[in-house]
Amino acid sequence: MPDIKHFNPEIVLDEAIQVFWRHGLPTTGIQALVSATGVSRSSLYATFGNKDGLYAAALDRYIAQHSTPAFAHLAQASAGLTSIEEFFAGLIEVRCSGPVAGWGCMVTNAYAGPECADTGIRTLLEDHHHMLQSAMRAALTHAADLGQLQPSCDLDASAAVLATLAYGVNLRSRAGADAQTLTDTVAAALAPLRAPLTPQEQPPQ
């Protein structure tokens, strides 16, 4: 196995993400990480400190690779509720189909596990939540500007609800909920926010 001077830490983290994402911190043994990364235990410890340190670095990289770009795209999108629908559609697609279907979200999994008690991990999770809720708030602001929302809609409260819904999608998909069920749940959550259709927008009878 390569020693500490002869491996790329970023590649190692990408391999570690796959293990931690699928199995979580508590049930992942160091030997599984050695096998997945091809790096010796001593080299992993010399670089990351211990298994918990490797997990924290992997979680941070997961957020940077998966969450931050998605949230930035949502915040910058200009289609309002349509942008939020597309965000959830993409989330549901990843969670319910493809190579990581059934794995849930590494961040949401961390919230549900004992690793959440670690101060450093909790900081990563709270920063992630702030980014998600802020992105939802920005998308709702666009929706309000486009006249898509009920006049009484509380943007901050609605952003908090939608952020929580995203965690719920992650958890339910990991438990086996199908894509259509999750899509219907998102539609039901968005329905009360919508402004009523104008007469011109009403479908023909």
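**Exercise 1. Determine how helix H7 and helix H8 are placed relative to each other, and which residues form their contact.**

Solution. The model is predicted, so local features are taken only at pLDDT of at least 70 and side-chain atom pairs only at pLDDT 80 or more, while totals for chains, interfaces and linings use all residues. Residues are numbered from 1 along each chain as its sequence is written, and side-chain values use heavy atoms, with hydrogens and water left out.

Step 1: identify the elements, where helices are DSSP runs of H or I with at least four residues and strands are runs of E with at least two, numbered from the N terminus. H7 covers residues 119-145 and H8 covers residues 155-174.

Step 2: compare the axes, which are lines fitted to C-alpha atoms, for helices over the stretch in contact, with angles from 0 to 180 degrees between N-to-C directions. The axes of H7 and H8 come within 8 Å and cross at roughly 125°.

Step 3: classify the angle, given that under 35 degrees counts as roughly parallel, over 145 as roughly antiparallel, 65 to 115 as roughly perpendicular and the rest as oblique. H7 and H8 are therefore oblique to each other.

Step 4: list the contact, which means heavy atoms within 4.5 Å. On the H7 side the residues are His-128, His-129, Leu-132, Gln-133, Met-136, Arg-137, Leu-140 and Thr-141, and they meet residues of H8 including Leu-155, Asp-156, Ala-159, Ala-163 and Tyr-167. The residues of this contact between H7 and H8 divide into ten nonpolar, five polar and two charged, where Ala, Val, Leu, Ile, Met, Phe, Trp, Tyr, Cys and Pro count as nonpolar, Asp, Glu, Lys and Arg as charged, and the others, Gly among them, as polar.

**Exercise 2. Work out what angle H1 makes with H4, and what kinds of residues join them.**

Solution. The axes of H1 and H4 come within 8 Å and cross at roughly 95°, and that makes H1 roughly perpendicular to H4. The residues of the contact of H1 with H4 divide into ten nonpolar, two polar and four charged. Among those on the H1 side are Leu-13, Ile-17, Phe-20 and Trp-21, while the H4 side includes Leu-54, Tyr-55, Arg-61 and Tyr-62.

**Exercise 3. Find which residues of helix H2 are buried and what covers them.**

Solution. Buried means under 20% relative accessible area, exposed over 50% and partly exposed in between, with a 1.4 Å probe and protein chains only. In H2 (residues 30-37) the buried residues are Ile-30, Leu-33, Val-34 and Thr-37. They cover an arc of only 100° around the axis, which puts them on the same side of H2; the arc is that of the directions from the helix axis to the C-beta atoms. Their cover includes helix H1 (9-23), helix H3 (41-48) and helix H4 (51-76). Just after H2, Gly-38 takes a positive phi of about 75°.

**Exercise 4. Decide whether Thr-108 and Ser-134 are buried or partly exposed.**

Solution. Thr-108, which lies in helix H6 (residues 106-111), counts as buried at 3% relative accessibility. Leaving aside residues up to four places away in sequence, Thr-108 touches Tyr-167, Asn-170 and Leu-171. Ser-134, in helix H7, is partly exposed, with a relative accessible area of 34%.

**Exercise 5. State the composition and extent of the whole chain.**

Solution. The chain has nine helices and zero strands, and its C-alpha trace spans about 70 × 30 × 30 Å along the principal axes. Of its 205 residues, 39% count as buried.
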